[in-house]
Amino acid sequence: MNRSVAGLLTSKTTKWIALVFWIAVVALSAPLAQKLTGAQQNDAISWLPGDAESTRALTKLEVFQDPNELPTVVVYERPEGLTDADVAKATEDARAFADLEGVEREVQGPIPSEDGQALQTVVPLNLGPNGWEKAVDIVDEMRATANAGDDGLTAYITGPGGMAADSGKAFEGIDGTLLFSTITVVIIILLVTYRSPVLWLLPVVSAGFALMVAQAVIYLLAEHRGLVVNAQSAGILTVLVFGAGTDYALLLVARYREELRRHSDRHAAMAVALHRAGPAILASAGTVIAGMLCLVFAETNSTQGLGPVAAIGVAVGLLVMITLLPALLVICGRWIFWPYKPQLGSPEPTATGMWARVGTRIAQRPRAVWVTTSVILAVACIGLVKLDATGLTTEEQYTTTVDSVTGEEVLSRHFDAGASDPVSIVANADAAEQVTQAVTATDGVAAAAPTADSDGVVFVQATLSDAPDSPEAYDTIDRLRDSLQALPEADALVTGTTAIQLDVQRAAQADENLIIPIILVVVFLILAVLLRAIVAPLLLIATVVLSFGAALGISALIFDYILGFGGADSSLPLFVFVFLVALGIDYNIFLMTRVREEALTYGTRRGALVALAATGGVITSAGVVLAGTFAVLATLPLVAFAEIGVAVALGVLLDTIIVRSVLVTAMNLDFGRRMWWPSQLGHKPDIDVESIRESSSSASQGSHQSTH
């Protein structure tokens, strides 16, 4: 972002061109953005590891049953014992269920339990590729039918269909909820930050434009280039665009306000502001984009798809914030800052503000400060021992009680625990007998039988003795696969909910082991190019990784002891790492680019204090905005989203308030010019720590005397 380009983007003519251009783009994007929800792929395969055994088995199962079919289990319970009237009612209900939309095969049941206290009916619902959305209304209708009458017989809807309906209800309206909640949080924080009743409007409008255009681009890629988008990535897109976009806006507006005190012409002030803040904004966005794109190496399809979706959102947000926002600011003029309009020649308040005083205190004993801070963060990492990121059971997925979970508990009391969600095995038909025998003989399998034979392939269903989402059931899947591998001629593959969840957990662990090192290397290279040094990038990455560990450790304690969550989603560590390293490094970039700029004039140690004073307020505000937007995820009734929101919000606050302001500043003061090794700046004469300490003490005493 050189001076001529910055001036061109903010001239008296191009500001209007930029405004008209983005209005036209948004007008074209709006209809496409509204179609993004319909382009989402929320079927099982779009969430699974592409090469996992369960995924391959699902493909082969299409010969026998539509992959969109959702077996929906209606379970009736009367603890005192079923009556003839109960059986008659369940039988009548089964006839009614057979007439529902999407029921194309025979309804099974009602099947009585051995203890005579429960019945179950299996309804094969097929509502198409995005059936989980339609399932909400159908299942509500089934629930009303099953619970008609109040004579002590209770009914619950569970199984894959019931779970899909509860999931659909949890995601229902999620886009609108996230959008309005995020906008509300951003507006409140900007009102407090700017103390202006109108200035907040420009960043919010710009972020809204960015989100709409990003959604349109993603929709086109999903429709015509096979980009996988689901409810998770679409929800995170909203939070990320508003959070990151507002961060870039805060940095630019702060530098613009600073330059308005030095330039009479607002166009010249914006040109300098964009020229000075541009490299930090571009590097920050580039780091986030590169970090998100690293997710394309993931095995899990849902994680793989999130990378491009998030990268597109940040890229569009960047373009809007360095073109549309500057245009809006210079069009509006100084009055937009009312009632605190920056005037030419007015003093810069940050020079003696809170962060200037914080820097003075750190300068007294910088080494003690960064060592102590590092130790405290390291201690917080101990909380990681309480993090159980082995996946969430059905019961643990929601923050509230849902019907499908209660139904599973009822089924487990009266039937084999895995009856509602059997394991599926596909194998060569000529090995059907051996496969069935091997499955039946496997410890943990209650029953098994071939159910269909087509085109040389047999379909075997097995009922597990344990709950489908229990560790014991996962062990059974491993034993089952080992037994079937001993029959190489059978070419047997195991799938079903239990096998799928197990494969997802293992893919998530493999993704962590692969992607985390890649992201660290990519971020290091970007920082090395930006700062033209090796020492500073290494130290910055170390601080962000330490912050990540502390945030996740504290979050694990919050999940366990405060929120009462039963575990954590298997993808949580990777998602939190990606967001905290890619986004958390932003604040170090904002600070260190300013330190480098000031170090060219004052030396590293003095430059560190000037940079902290100048950027402290805006970076803290940016961190609070980003933390607030991610915290919105915690309002959703889904534990996986809530955990991401809490952990990322906490990590961002640690980065902005402790890591960036205290830890990194103390390191700059202690290491001095050695931060820039091996560049020329690393050889520039620098004031020593003792002189910094003496001058800071003198300044502090002078300030104290002046107050008296």
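An open sheet of 4 strands, with antiparallel pairing, runs in the order S6-S7-S5-S8. S6 and strand S8 (493–495) stand at its edges, each with a single partner strand, so one side of each is left without a neighbour in the sheet. On average, neighbouring strands here are turned by 20 degrees against each other, direction ignored.

S6 and S7 form a hairpin with 2 residues between them. In that turn, aspartate 455 has a positive phi of about 50 degrees. At another place in the sheet, strand S5 (residues 423–428) and S8 pair over 3 bridges, in the antiparallel sense. Here isoleucine 425 stands opposite valine 494 in S8.

The crossing by which H17 passes H18 is right-handed. H17 contributes Val435, Ala438 and Val439 to the contact, and H18 contributes Leu480, Ser483 and Leu484. By class, this contact of H17 with H18 has 5 nonpolar residues, 1 polar residue and no charged residues.

Another open sheet is formed by 4 strands in the order S2-S3-S1-S4, and its pairing is antiparallel. Its edge strands are strand S2 (108–112) and strand S4 (154–158), each of which pairs on one side only. Neighbouring strands of this sheet are turned by 20 degrees against each other on average, direction ignored. Strand S1 (residues 69–77) and S4 pair over 5 bridges in the antiparallel sense. Tyrosine 76 has alanine 155, in S4, as its bridge partner.

Helices pack on this sheet as well. Helix H8 (residues 159–171) touches S1 and S4, and its direction makes about 100 degrees with that of S1. Helix H16 (residues 403–414) touches S1, strand S3 (118–126) and S4. The direction of H16 makes about 110 degrees with that of S4.

Helix H11 (residues 231–260) and helix H22 (residues 604–631) pack at an angle of about 165 degrees, with their axes 9 Å apart. Because of that angle, H11 is roughly antiparallel to H22. The two helices, H11 and H22, cross in a right-handed sense. On the H11 side the contact includes Val239, Leu240, Gly243 and Ala244, along with Thr246, Asp247, Leu250, Leu251 and Ala254. These residues meet Val618, Ser621, Ala622, Gly623, Val625, Leu626, Thr629 and Phe630 in H22. Sorted by class, the residues of the contact of H11 with H22 divide into 11 nonpolar, 5 polar and 1 charged.

Helix H2 (residues 14–33) packs with helix H10 (residues 201–224) at an angle of about 50 degrees, and their axes are 8 Å apart. This angle makes H2 oblique to H10. The crossing of H2 and H10 is left-handed. From H2, the residues Trp22, Ile23, Val25, Val26, Ser29, Ala30, Leu32 and Ala33 take part. They meet Phe209, Met212, Val213, Gln215, Ala216, Tyr219 and Leu220 in H10. The contact of H2 with H10 has 13 nonpolar and 2 polar residues, and no charged residues.

The remaining point is the confidence of the prediction. The protein chain averages a pLDDT of 85, and 93% of the residues score at least 70. Among the elements of the chain, helix H15 (residues 366–380) has the highest mean pLDDT (94). The lowest mean pLDDT (53) belongs to helix H24 (residues 689–706). Over residues 699–708 the pLDDT is below 50.

Conventions:
Residues are numbered from 1 along each chain as its sequence is written. This is a predicted model: local features need pLDDT of at least 70, side-chain atom pairs count only at pLDDT 80 or more; totals for chains, interfaces and linings use all residues. Side-chain values use heavy atoms; hydrogens and water are left out. A crossing is left-handed if the near helix is turned anticlockwise from the far one by less than a right angle, and right-handed if clockwise. Contact means heavy atoms within 4.5 Å. Ala, Val, Leu, Ile, Met, Phe, Trp, Tyr, Cys and Pro count as nonpolar, Asp, Glu, Lys and Arg as charged, and the others, Gly among them, as polar. Two strands pair if DSSP finds at least two bridges between them. Axes are lines fitted to C-alpha atoms, for helices over the stretch in contact, and angles run from 0 to 180 degrees between N-to-C directions. Angles under 35 degrees count as roughly parallel, over 145 as roughly antiparallel, 65 to 115 as roughly perpendicular and the rest as oblique. pLDDT is the predictor's confidence in each residue, from 0 to 100.
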